[in-house]
Amino acid sequence: MVLILLGPPGVGKGTQAVRLAEELRAVHVSTGDLLRAARRDGTELGRRAQKYMDAGELVPDHLILDLVRDHLAGVPNGVPVLFDGFPRTTAQAEGLDQVLEQSGRRVDLVVLFEAPDETIVKRLGGRRSCPQCGAVYNVHFSPPTVEGRCDRCGSPLQQRPDDVPATITRRLEVYREQTSPLVSFYEDAGVAFERIRADRGVDEVYGDFKKSVEVAR
Ligand code: AP5
């Protein structure tokens, strides 16, 4: 199964994807996480992506498509794949179709997570992540037991450099301009498509998300 999680920054795609990937033993492909890892490792891709990410702009399509192609190369056909934060442009969606076609796969389901901007701004402003183990917290909704420390590994938590007000505003604009056209792209293509109200608790959102996936499997 190939599943796409679509939606604005901070709507909760990553939170939902991690949970479903664990349950389905699926491969979770987050292009944001892959780019951040490339930056940490100081690779050429990481260096090229940095200025776009810090400004809240999209990294150029050809870099993203190469990244996804490489990442998918080792994934056997029967293993479910969850794309989180990819594709983000029509060119990326077309590129993904080509990559999948080469291995006899296709997109089985697109799930759009929706929430008002106020909810998103609050979630992003409160997000803290662990640079060691990747755990994600929120100072408003899911704080760590000890302030500023990861519950899992004890490392100091960090705020993402793009989770600051001016960059959040730009990321929302970029989503509207360049990513939201994917809604009609997939609807017109006749791909199974579900909308989920994400301005609810994590468990409630996950319940609806899982139901949609079960219907499409
Ligand atoms: P990326 O890392 O993909 O960021 P994003 O799409 O902006 O999404 P986020 O990770 O910010 O949010 P999310 O929806 O996963 O929310 P989360 O679950 O963490 O991309 C970053 C940058 O990389 C881009 O700006 C771009 O430059 C580049 N990039 C990446 N992919 C690209 C691509 N394909 N093409 C071009 N450029 C690309 O939740 C957010 C917070 O809310 C957390 O604190 C969480 O704990 C909390 N939360 C989640 N759900 C709930 C809930 N139901 N109730 C309360 N709190 C909740």
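Start at V107. Leaving out residues up to four places away in sequence, V107 touches V2, I4, L96, D97, L100, Y186 and V191. Contact here means heavy atoms within 4.5 Å.

Two ground rules. This is a predicted model: local features need pLDDT of at least 70, side-chain atom pairs need 80 or more, and totals for chains, interfaces and linings use all residues. Numbering runs from 1 along each chain as its sequence is written, and side-chain values use heavy atoms, without hydrogens or water.

Now the cores. A nonpolar core is a set of buried Ala, Val, Leu, Ile, Met, Phe, Trp, Tyr and Cys residues joined through side-chain atoms within 4.5 Å; buried means under 20% relative accessible area (1.4 Å probe, protein chains only). The largest has 34 residues, and V107 is among those with the most contacts inside it, as are L35, L72 and F83. Its largest share, six residues, comes from α4. Helices are DSSP runs of H or I, at least four residues, numbered from the N terminus. A second, separate core has 23 residues, including F113 and I196.

On to the ligand. A polar side-chain atom of R171 lies 2.8 Å from a ligand oxygen. K13 uses a polar backbone atom, 2.9 Å from a ligand oxygen.

Definitions and conventions:
A polar contact is a pair of N or O atoms within 3.5 Å; within protein, one must be able to donate a hydrogen and the other to accept it, and residues adjacent in sequence count only if both atoms are side-chain atoms. Buried means under 20% relative accessible area, exposed over 50%, partly exposed in between (1.4 Å probe, protein chains only). Helices (H or I, at least four residues) and strands (E, at least two) are DSSP runs, numbered from the N terminus.
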